[in-house]
Amino acid sequence: MKVRREGDELSEKTLITNQGADAKTRRRTSRYGLHLEGARTVFSRIARLPTESVSAQTGLQADGHRQPVSSRRDHKTLEVLVDKNLAAYAGTAIVMVLLDLFWLGGLAKPMYQQGIGHLMADKPIVGVAVLFYLLYALGVVIFAVAPQHDGTNWPVTLGMGALFGFFAYATYNLTNLATLRDWPVRLSLIDMSWGTFVSAMSAAGGKAAFDWATRTSS
């Protein structure tokens, strides 16, 4: 009887040990299964990347259906807005260059030569001049034209353009008055007045181009 009892206890211990090993094996298998499933998910997502990239370009989703109408509408709205601002930039730059050529190249040239002729170069550096007009026209668009995008605020556009020009040209002329010897005050006042006028007219040109682009895109 004692031998049988010891045998039964040994069988029970063996059974418990085997059950514990089976449980560990199942947990390990389950863990490996989760890892495997995770790896499959990652690889499936990687495999879909080219399709999703192409879908973004073609307007189709990965399942072949078209993107929502709101997404396409937002993309179209962004394109139209970019076109309007490019038109405004071109209109602003063209007006400013034409007016400045008339002013600096003809009407006011003798006055500038008389006042600061000893500081003027024989020929302007064209690259620097082009960079100035590109940057200045961009400033006029950002601060005067683009904020008035509803097509009705002409007085505000002209006023903001004039203020932009006044502050920019005043900075230049007042700095010269403060730092350069014998810089003519009269010339500074005239130049500041011209900067105010030409900036307002450039803003008007940009506003007209913006409104034209708005009409053609609608």
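An axis here is a line fitted to C-alpha atoms, for a helix over the stretch in contact. The model in these views is predicted.

**View 1. Helix 3 packs against helix 6.** Two packed helices are described by the angle between their axes and the distance between the axes. Helix 3 covers residues 109-116, and helix 6 covers residues 185-217. Their angle is about 145 degrees. The two axes lie 10 Å apart. The crossing of helix 3 and helix 6 is left-handed.

**View 2. Side by side: the residues where helix 3 meets helix 6.** Helix 3 brings Met111, Tyr112, Gly115 and Ile116. Helix 6 brings Arg186, Leu187, Ile190 and Asp191. What kinds of residue make up this contact? Five are nonpolar, one is polar and two are charged.

**View 3. The largest pocket holds about 1,300 Å³ of space.** Rolling a probe the size of a water molecule over the atoms shows where empty space is left. In this pocket, 32 residues form the lining. Closest to the centre are Leu104, Met120, Pro124, Ala129 and Tyr133.

**View 4. Several helices line the largest pocket.** Helix 2 (69-107), helix 3, helix 4 (126-145), helix 5 (154-179) and helix 6 each supply at least two lining residues. Which helix gives the most? Helix 4 does, with seven residues. By type, the lining of the largest pocket has 23 nonpolar, four polar and five charged residues.

**View 5. Phenylalanine 132 and tyrosine 136 form an aromatic pair.** The structure holds nine aromatic pairs. In the pair shown, the ring centres are 5.4 Å apart. The planes make an angle of 40 degrees. Why is this pair called tilted? Planes under 30 degrees apart count as stacked and those over 60 as edge-to-face, so 40 degrees falls in the tilted class. Phenylalanine 132 and tyrosine 136 both sit in helix 4. They are four residues apart, about one turn of the helix.

Technical notes:
Residues are numbered from 1 along each chain as its sequence is written. This is a predicted model: local features need pLDDT of at least 70, side-chain atom pairs count only at pLDDT 80 or more; totals for chains, interfaces and linings use all residues. Side-chain values use heavy atoms; hydrogens and water are left out. Axes are lines fitted to C-alpha atoms, for helices over the stretch in contact, and angles run from 0 to 180 degrees between N-to-C directions. A crossing is left-handed if the near helix is turned anticlockwise from the far one by less than a right angle, and right-handed if clockwise. Contact means heavy atoms within 4.5 Å. Ala, Val, Leu, Ile, Met, Phe, Trp, Tyr, Cys and Pro count as nonpolar, Asp, Glu, Lys and Arg as charged, and the others, Gly among them, as polar. On a 1 Å grid over the protein atoms alone, a cavity is a set of points where a 1.4 Å probe fits but cannot get out, and a pocket is an open set with protein on both sides within 12 Å along at least five of seven lines; lining residues have an atom within 4 Å of a point. Grid points are joined across faces, edges and corners, and a volume is the space filled by probe spheres set on the points. Rings of Phe, Tyr and Trp (its six-membered ring) pair if their centres lie within 6.5 Å; planes under 30 degrees apart count as stacked, over 60 as edge-to-face and the rest as tilted.
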